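Have a look at the picture first, then read on.

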Amino acid sequence: MKKLIKSFWKKLSTPSKAAAGVLLGLGFVGGIIFWGAFNTGMDATNSEAFCSGCHAPIVAEIRETIHYSNRSGVRAICSDCHVPHGWTDKIIRKVQASKELVAYALGTISTTEKFQARRGYLANREWQRMKKTDSQECRNCHDFDFMDFSEQGRRSVVQHSTALASGEKTCVDCHKGVAHRLPDMSGVEGWQ
Amino acid sequence: MSTVENIFWHILGYAAMPVIFLVGFVAVAAGSLWILSLGADRKS
Amino acid sequence: MQKLLVVLLMTSVLAVAHGQDSGDNSDNNQMDSISNGGQASLRGMTELDVTRKADPFKRVLKDRSPYISDYVYQPPLIPHKIRGYEVSTNANKCLSCHSFKRSVESGATKISVTHYVTREGLVLSDVSPRRYFCLQCHVTQADTGLLVENEFKRVDSLQ
């Protein structure tokens, strides 16, 4: 191993006989390929199929909802809501996802019963996360500044123009259960 | 998630970013060196 | 003589029985489709055994002003869409606006106090289980005209 590193370093620190253009071109193309491969990998781990691999039951629950299928066909998949869009936040979340591998190994939610028992904790964690980011994931698509109140229903107009506009409430405070079934809601603040 | 855990993942996440670039560089470099070696002089 | 009568009787019974049950069902196209007897219904004049093209879905209005009750003790109609509203033992989305506690902030109609009473008349401190599943009594209305012509009028006190 050490020999490999030494020889590699030697090659890197020795002037090459190849033309400068060749070296620069190789680096440029190599960089593009690396960035493309990296992003392809990111997108693959963001896909519905990938998440379903372990989280199939909860992906199944979204099939009844408006974010899955609706009039216009504009939809959201797992990563649109659960993975931050900003690059740094996204990397942090992806690194944090290693925790899920540990949970998979430990079988934390490997049976239906275990999953149902843990739903409240998992849901709450996501709601707290969204509260902290002021429902940023919702706002990635649902831009408040461009909401047309003349198109919304009466109740929406009232709620959005008061609590949401003032910043007193964030999207997830009222729109719980919009994507997946709800856990036991007894004791959840502001629900009933 | 507790604040401690939050900070932990942030540190780890930010540390991962240069690691990604470094590994990427090493991979591209190794690949480029190999391509270069294909066209290198052969001792006759 | 008697033997002949018995034989004749048996033959006639067999003939009638054979006539009733034609055996194979392949001559359906010779039979008329089962008539609806001239009675129109929501299916129009379609015969009973015919499958007709389905009507387009009717929509529920997104959000309108509350409906006036049609009769005393009517469970008020739901004037807004309820798509995706979960009403289960885990969560009751209706109550997240219509409960006593939440109605102040939401501006929604409070649920009636009758919903806190058990069958025996005992008043509970929260919604009675027999009134918990809202959609067993409360329904939305489709955005459509009268499906069946009628002359129903509300009583004076509700008009």
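Two residues count as being in contact if their C-beta atoms, placed from the backbone, lie within 7 Å. Keep in mind that this is a predicted model.

**Where chain A meets chain B**

- Chain B puts 16 residues into this contact, and chain A puts in 15 residues.
- On chain B's side, 11 of those residues are nonpolar and 5 are polar, with no charged ones.

**Two helices that cross**

- Which residues of helix 2 of chain A meet helix 1 of chain B? They are Leu26(A), Gly27(A), Gly30(A), Gly31(A), Phe34(A) and Phe38(A).
- The axes of helix 2 (residues 20-45) of chain A and helix 1 (residues 3-38) of chain B come within 9 Å, crossing at roughly 135 degrees.
- Helix 2 of chain A and helix 1 of chain B are therefore oblique to each other.
- The crossing of helix 2 of chain A and helix 1 of chain B is right-handed.

**Where chain A meets chain C**

- Here 15 residues of chain A touch 16 residues of chain C.
- Chain A's side of this contact is made up of 7 nonpolar, 4 polar and 4 charged residues.

**Elsewhere in chain A**

- Is helix 1 of chain A largely buried or in the open? The number of its 12 residues that are buried is 0, so helix 1 of chain A lies largely in the open.
- Gly73(A) sits in the loop between helix 3 (48-61) and helix 4 (78-82) of chain A.
- Gly73(A) is exposed, because it has 6 other C-beta atoms within 10 Å, and 12 or fewer counts as exposed.
- Gly73(A) and Ser186(A) are 113 residues apart in sequence, and their C-alpha atoms are 34 Å apart in space.

**A look at chain C**

- Chain C has 3 helices and 0 strands, giving the pattern α-α-α along the sequence.
- Of the 159 residues in chain C, 6% are buried.
- Take the contacts in chain C between residues at least 6 apart in sequence: 35% of them join residues at least 24 apart.

Conventions:
Residues numbered from 1 in each chain as written. Chains lettered and ligands numbered in written order. Predicted model: local features only at pLDDT ≥ 70, side-chain atom pairs only at ≥ 80, totals over all residues. Nonpolar A, V, L, I, M, F, W, Y, C, P; charged D, E, K, R; others polar. Buried ≥ 20, exposed ≤ 12 C-beta atoms within 10 Å, placed from the backbone. Helix = DSSP H or I, 4+ residues; strand = E, 2+ residues; numbered from the N terminus. Axes fitted to C-alpha atoms, helices over the stretch in contact; angles between N-to-C directions. Parallel < 35°, antiparallel > 145°, perpendicular 65-115°, else oblique. Left-handed = near helix turned anticlockwise from the far one by under 90°.
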